[in-house]
Amino acid sequence: MRTESSSHLTRRATIAASFGTVVEWYDFFLYGTASALIFPSLFFPSANSLNGSLLSFATFATGFVARPLGGAIFGHVGDRIGRKNALIVTLLAMGLATLAVGLLPTYGQIGAAAPILLVVLRIVQGIGTGGEWGGAALLTKENGSTRPGFWGGFLSSAVFAGLILASVVYVVIGALVSNDQLLSWAWRIPFLLSVVLVGLGLWMRKSLPETREFDRIKRAGEQERAPLLRAFRKPRNMVAIFLMRVGQNATFNIVSVFVLTYATKQLGLGKSQILWATVIGAAVACVLCPVYGHLGDRFGFGRVMVVSLLFQAAFAFPFFLLVDSLGVAPVIIAVTIGIAGAGAATDAIQAGYFAGLFGTRSRYSAISVGREGGTVVGGGLAPLIATALLGWQHGSPWAIAGWMALTSLIGVVGVLLVKPLREAEPEDVVPSAGPRSGSAVS
């Protein structure tokens, strides 16, 4: 009976966590899409095409820079007060910031104040997102599940669902209005629609109970007073997560964000063509993420991570060969493999893998700060670095491919640094029937 109850609670928590994650990442990816296609001309009109893209991607990066701060703030709240409460606030913060972006006057209306306000709102988005993933991962982990990889994979499916929504909404609006109308007012619609999704997400999360593992600690009054300091006393696994996240996120953000600018402005491809390639890749990833999570449960998260990162490094140069061919099919194949292949595999196993490297008392803080710190370097700077490398190489993408390969190998180093939980924090191990996720290659 207890197993059935645990399974039911895990399913229920996964559904609520995943829906909220769809909303969070719809908002976050929506900004990324607009940074590539809309914001350069509306908020940085005085710059030339390349510099406008650089400035737009710089504001995109500020959201990533804020994510470790959000991880620290909400990690502390989640480890001290509860996972559920932290996740309600992160969703609310993201929703309000996204709504405000949709109402924001442009540079032509209020001048330099427009990009400044855009940066401020992006920082709020980053703080909310920084606290979101760690808490959502723990909802799928801390209710007695024996398949943390499989259930955590649905959380990654939700991330890709958010990417699909953010891309589709611009495809649809772009098909219904002219380019002038899109730049005049229609670009605001996707940001304003977020309000409805946020309301549904809040309703679902408020109905959830606290996770079983945290509830046990809270009832006993055993919460850590300074959970992040506790995690930093033994930082090896935090560093390992940081490096793995750099390896995974650099390529993902080049494939899903930078390629929008590269394909449309450098190669002359249509916006809808590259956006549909992104949608197809994300749709395939949605389906495959639970499969990748199952493989992590079956063969070990470390093994799946290493194989995926090595494949990602090997595919960096073929990716640009396919995109540069300008053919519809090669572009779709390149983006689909880039998103749904190694990118999805390395993302899908993170909930089960990373959460299994820390004890319950400091888990939210440790995985949030380690993961989001790596996201700053790997993800936030990736479009900016790629754009700069493109200018340095006079339009050639091969330096970008080299950066993708290098960061992927850095991720492999992270896997090799992992120390199993029973060695890293032997005094704070919560018994689990899940896989030996802490082993570097088990």
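This is a predicted model: local features need pLDDT of at least 70, side-chain atom pairs count only at pLDDT 80 or more; totals for chains, interfaces and linings use all residues.
1. Asp-27, which belongs to helix H1 (residues 2-37), is buried and yet has no salt bridge. The nearest side chain of opposite charge is that of Arg-122, which lies 9.3 Å away from Asp-27, whereas a salt bridge would require the charged atoms to be within 4 Å.

2. When residues up to four places away in sequence are set aside, Asp-27 touches Met-94, Gly-95, Thr-98, Gln-125, Ser-194 and Val-198.

3. Ile-116, Val-120 and Val-124 together make a nonpolar surface patch of about 240 Å². Of these residues, Val-120 is found in helix H7, which covers residues 113-141, and Val-120 is partly exposed, with a relative accessible area of 44%; the patch can include Val-120 because membership calls for over 30% relative accessible area.

4. Trp-398 lies in helix H20 (residues 398-417) and is partly exposed, its relative accessible area being 34%. Leaving out neighbours within four places in sequence, Trp-398 is in contact with Phe-317, Phe-320, Leu-321 and Asp-324. The C-alpha atoms of Trp-398 and Ala-316 are 8.9 Å apart in space, although the two residues are separated by 82 residues in sequence.

Methods:
Residues are numbered from 1 along each chain as its sequence is written. Side-chain values use heavy atoms; hydrogens and water are left out. Patches are made of residues with over 30% relative accessible area and no salt bridge: like charges are joined within 9 Å, nonpolar side chains (Val, Leu, Ile, Met, Phe, Trp, Tyr) within 5 Å. Accessible areas come from the Shrake-Rupley method with a 1.4 Å probe; for residues, only the protein chains shown count as cover. Helices (H or I, at least four residues) and strands (E, at least two) are DSSP runs, numbered from the N terminus. Buried means under 20% relative accessible area, exposed over 50%, partly exposed in between (1.4 Å probe, protein chains only). Lys and Arg count as positive and Asp and Glu as negative; His and the chain ends are not counted. Contact means heavy atoms within 4.5 Å.
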